[in-house]
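Hello,

Here is the structure we talked about. Please have a look, then read the notes below.

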Amino acid sequence: MSKNNLGALFAIIAAIFYAFVSPFSKLLNEHISPFFGASLLYVGTFLVALIVFIVRLFTKYKDKEEKLSKKDIPYLLLAAFFHTGASIFLLLGLQTISSTNASLLTSLEIISTSIFAYFFFKEKTSKFLWIAIIFIFISVALISLGES
């Protein structure tokens, strides 16, 4: 399997897992606080990362990716800060809205991430991505209007 196909496969798997976050978090939110729920999300993330690390350590998989440097640390800390905030606010929001609406709103993450990458990191954005962004926005808007 080529590296591009493997990346696309991992992206699809990540999207499938991400789709389960809001409904399961809504169920979990009935029993624990949003702050504890966010910490459980991070414990789960750590455990999965640990498993991947161990598997990579004992297999012949050798990657040519660059190591983290000291200049990467501020960006890593910012990413952790914003992701923690996003998790906490998602769980707080799930206390007041349905998991369906929360899932719709998290679909807007694709749009905001793409626009953020385009403007701040000068990421190349094809016309197909812009078309997809427009369709995602329209579909989320239409479905949200039907929910009221």
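Start with Phe-58. With a relative accessible area of 68%, Phe-58 is exposed (exposed is over 50%, buried under 20%, partly exposed in between; 1.4 Å probe, protein chains only). Phe-58 sits in the loop between helix 3 (34-57) and helix 4 (73-94). Helices are DSSP runs of H or I, at least four residues, numbered from the N terminus.

This is a predicted model: local features need pLDDT of at least 70, side-chain atom pairs count only at pLDDT 80 or more, and totals for chains, interfaces and linings use all residues. Residues are numbered from 1 along each chain as its sequence is written, and side-chain values use heavy atoms, with hydrogens and water left out.

Now the aromatic pairs. The whole structure holds six. Ring centres must lie within 6.5 Å; planes under 30 degrees apart are stacked, over 60 edge-to-face, the rest tilted.

- Phe-81 and Phe-82: the ring centres are 5.3 Å apart and the planes stand at 70 degrees, so this pair is edge-to-face. Both residues are exposed.
- Phe-116 and Phe-120: the centres are 4.5 Å apart and the planes at 40 degrees, so this pair is tilted. Both lie in helix 5 (residues 99-121), four residues apart, about one turn of the helix.

How exposed are Phe-116 and Phe-120? Phe-116 counts as partly exposed, at 44% relative accessibility. Phe-120 is exposed, at 58%. Ring pairs also bring in Phe-121, linking Phe-116, Phe-120 and Phe-121 into a cluster.

Best wishes

Notes:
Helix = DSSP H or I, 4+ residues; strand = E, 2+ residues; numbered from the N terminus.
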